[in-house]
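Dear colleague,

Please find below the structure that I am handing over to you. My notes on what was found in it follow directly after.

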Amino acid sequence: MVLLKSIPKLDKFIKNKDFEPYSNKLLTKIAKKTINELRESILKNECSEINEEVLVQKTIKEYKNLTNASLRTLINATGVIVHTNLGRSLISENTFEKVKNIVCSYNNLEYDVKNGHRGERYTHISKIICELLGCEDVLIVNNNASAVFLILNTFAKDKEVIVSRGELVEIGGSFRVPEVMKQSGAILKEVGATNKTHLYDYIDNINENTSMLMKVHKSNYSIEGFTSEISNEELVTLASEKDLIDYYDMGSGHLVDLPYNLDLAEPSVLKLMKNKPSLLSFSGDKLLGSVQAGIIVGKKELIQKLKKNQLLRMLRVDKITLAILEENIKSILIDKKEEIPTLNMLFTSTDILEKRALYVQDQLKDLAQTEVLKTQTVIGGGTTPNKKIPSIALSLSFKNYKENKIEKLLRAAGIIGRIENDHFLLDFRAIKENELDTLINIIKKVINE
Ligand SMILES: *Cc1c(COP(=O)(O)O)cnc(C)c1O
């Protein structure tokens, strides 16, 4: 039988010297909770003894749970470069270092230094993007989903937008084109069939309430076999003939020619700009390889109208986004792909990947059963759906553990791999070169535990 009066007094309890390294204010709050819980358990007759040391450790554990950062680094051994669950595109340390000064100091984000009055946050980046793409103007918003929403809301509220039935897609994170249109106030006019939509489907459905012809990249699925869709060029031509706006939601836009003939499946923004589209939008952190952002490019008068929409205030981006994006776009402009990890990973040859796999294999040779394999992976993030690119993997097993057990142990230790044909694989496509030793050390530690 434990008596209530033997409960430690809070003011005395918090003086325990084990609490010294911690913030007094937060600790007192947590300690109060610990003691209250103890009181409850005594009242319910669920407590057989009071051990102050246990209470102290419980309080510290709770404190650490709250104050430890929840976001942590992981090694991406899935092979998927643009992995939305793992943070999509990485920023290079060089780039991050360059923008550090801007972020840590006051700056001219919205200030015109020359004339001493208020400036516009989008001007910094528009010059360089327009130079690169040859577009009239550009607008950056929070992500591509906001870009779609802002465009539809600005130009198609209570008006019809013609979209092919084959493009009414749902992409990850419950972004569904028909739902987004509804929320934006646009009226969806779906045309064609799932597998085939012809130019005449668009033509036949244009009426006085039509405002826009829209195309949506299919992202995470592809239609094969008996199919047809219109090209962006046809969309632009038709829209201009009918005095309508053409808009292509590209999903992942990229600014360089891709390897492995991926350009055939997915042309770069530069190529599409040749058609002189009214509006294009794409993500900043898919194949472009920069930060989360939605990039809208196109005709100046249309971008001006987007800027006047009150919604923009809610979708606007921070200086961190603009500073990193500007730096990344500059790297592309001066042809320094190596500063952009996403592109760097995509362009690394399988010979180099193989060398890295062999190095890791050698380091683990007495500890695990390994085999270096040729494999295939996808880019991810809804880019080039169903297109495989070559990669190199190391199949790994130790202590006769089943592959799911190995996957689980390594995942807990911060390495995310994949299981293929009953084997646990570390795919080297998205592992950075400077992560190899960390990778080896983590695996050794897991094996020795
Ligand atoms: C990824 C994607 C989006 C959403 O882009 P976010 O930058 O993730 O908001 C919209 N449309 C398409 C076709 C996409 O592939």
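How far is an oxygen atom of the ligand from an N or O atom in the side chain of Arg 88? The distance is 2.9 Å, which falls under the term polar contact, a pair of N or O atoms within 3.5 Å (within protein, one atom must be able to donate a hydrogen and the other to accept it, and residues adjacent in sequence count only if both atoms are side-chain atoms).

Before going further, please note that this is a predicted model, in which local features need pLDDT of at least 70 and side-chain atom pairs count only at pLDDT 80 or more, while totals for chains, interfaces and linings use all residues. Residues are numbered from 1 along each chain as its sequence is written, and side-chain values use heavy atoms, with hydrogens and water left out.

Helix H6 (144–156) and strand S10 (245–252) are the elements that give two or more residues to the shell; helices (H or I, at least four residues) and strands (E, at least two) are DSSP runs numbered from the N terminus.

There are 13 residues around the ligand (a heavy atom within 4 Å). Those that come nearest are Ala 145, Ser 219, Asp 249, Ser 283 and Lys 286. By class, the shell has 4 nonpolar, 6 polar and 3 charged residues. Here Ala, Val, Leu, Ile, Met, Phe, Trp, Tyr, Cys and Pro count as nonpolar, Asp, Glu, Lys and Arg as charged, and the others, Gly among them, as polar.

The chain as a whole

The chain contains 18 helices and 17 strands, and its C-alpha trace spans about 90 × 55 × 50 Å along the principal axes. Of its 449 residues, 48% are buried, where buried means under 20% relative accessible area, exposed over 50%, and partly exposed in between (1.4 Å probe, protein chains only). The chain exposes about 23,800 Å², and carbon and sulfur atoms supply 49% of that area. Among contacts (heavy atoms within 4.5 Å) between residues at least 6 apart in sequence, 74% join residues at least 24 apart.

Individual residues

Val 99 lies in helix H4 (residues 93–103) and is buried, with a relative accessible area of 4%. Not counting residues up to four places away in sequence, Val 99 touches Ala 323, Ile 324 and Glu 327. From Val 99 to Ser 228 the separation is 129 residues in sequence and 45 Å in space, C-alpha to C-alpha.

Ser 331 belongs to helix H14 (residues 319–333) and is buried at 7% relative accessible area. Leaving aside neighbours within four places in sequence, Ser 331 is in contact with Lys 336, Lys 337, Glu 339 and Ile 340.

Cysteines

The count of disulfides (pairs of cysteine sulfur atoms within 2.5 Å) is 0. Cys 130 is in no disulfide, and the nearest cysteine sulfur, that of Cys 135, is 3.6 Å away. Cys 135 is likewise in no disulfide, its nearest cysteine sulfur being that of Cys 130. Cys 130 is buried, with a relative accessible area of 16%, and Cys 135 counts as buried at 8%.

Yours sincerely

Conventions
Areas by Shrake-Rupley, 256 points an atom, 1.4 Å probe, with all protein chains shown as cover.
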